[in-house]
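I will show the model first, and then walk through a few of its local features.

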Amino acid sequence: IGKLAAGVAHEIRNPLSSIKGFATYFGKRYEDNKSDKEIAQIMVKEVERINRSVTQLLEFAKPMAIEKKQVDIKEMITHSLKLVRHDLEQKNIEIRVNIDTKKIGINTDGDRMNQVLLNLYINAIDALDDKGILEIQVQDIEKEGQIEIKVKDNGQGIDEPSLDLIFDPYFTTRPTGTGLGLSIVHRIIENLEASIHVESKKNVGTSFIIHLPVS
């Protein structure tokens, strides 16, 4: 499946590159014509969206390498939030971080966890209106050798029929979503021998809760 996905990606990306090049060219050539310029910009954005889908398909299909090492929890959360700072500021989203754990470092794959958190933040940002709240909570749990990471928003929430489907490949409720982000999150969490579940209420908000081994 990984080889097939790589072959398909190669065949799609070559013409995509040409289409994007021509769209960019026409966008500059007809810069004075507002309508034509907007059409060219839409073409570029759509090509980029397809390219993101192809990248996620490759990520989903290929064997996943996990490299565990000592990771500072606070640094991991801070770094992941920096990557979405611009999007948070654009929508005036308030960030609340509460790290309440006795463990300073954990033994995990920091890059993969960063990928997980980034996907969850992006989902939360899409669900939030202007001046919404994004909360990240880290705490010790009763089960020895694990911590809980909760990514919570007070956005539009997920309806009950969708809750059982959100980790399925290509399931999405967003018009611009690829439907692979949460599938990749689930796969990473499984490979880290962790667990993830979601709690949500329509028009109240959503919480993604990760129980992560620390050793």
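Let me begin with a question: is Glu46 buried, partly exposed or exposed? Glu46 is partly exposed, with a relative accessible area of 35%, where buried means under 20% relative accessible area, exposed means over 50%, and partly exposed is what lies in between, using a 1.4 Å probe and protein chains only.

Before going further, a word on the ground rules. This is a predicted model, in which local features need pLDDT of at least 70 and side-chain atom pairs count only at pLDDT 80 or more, whereas totals for chains, interfaces and linings use all residues. Residues are numbered from 1 along each chain as its sequence is written, and side-chain values use heavy atoms, with hydrogens and water left out.

Searching the whole structure gives 5 of them. In one of these, Arg49 pairs with Glu46, with 2.9 Å between the closest N and O atoms; the two residues are 3 apart in helix H2, and are therefore separated by about one helical turn. Helices here are DSSP runs of H or I with at least four residues, and strands are runs of E with at least two, numbered from the N terminus. Arg49 is itself partly exposed, at 26% relative accessible area.

Another salt bridge joins Lys20 to Glu48, the closest N and O atoms being 3.2 Å apart. Since Lys20 lies in helix H1 (residues 2–29) and Glu48 in helix H2 (residues 34–61), this pair ties together parts that are 28 residues apart in sequence. Lys20 has a relative accessible area of 32% and is partly exposed, and Glu48, at 32%, also counts as partly exposed. In a further salt bridge, between Lys37 and Glu31, the closest N and O atoms are 4.0 Å apart.

Let me turn to strand S3, residues 105–108, where Ile106 and Thr108 make up the covered face, and Gly105 and Asn107 the uncovered one. In a regular strand the side chains alternate between the two faces of the sheet. S3 pairs with S1 in the antiparallel sense over 4 bridges, two strands being paired if DSSP finds at least two bridges between them. Within this pairing, Thr108 of S3 is the bridge partner of Lys69.

Finally, what does Gln146 touch? Gln146 sits in strand S5, residues 146–153, and is buried at 12% relative accessibility. Leaving aside neighbours within four places in sequence, Gln146 is in contact (heavy atoms within 4.5 Å) with Lys103, Ile141, His211, Leu212, Pro213 and Val214.

How values were computed: A salt bridge is a side-chain nitrogen of Lys or Arg within 4 Å of a carboxyl oxygen of Asp or Glu.
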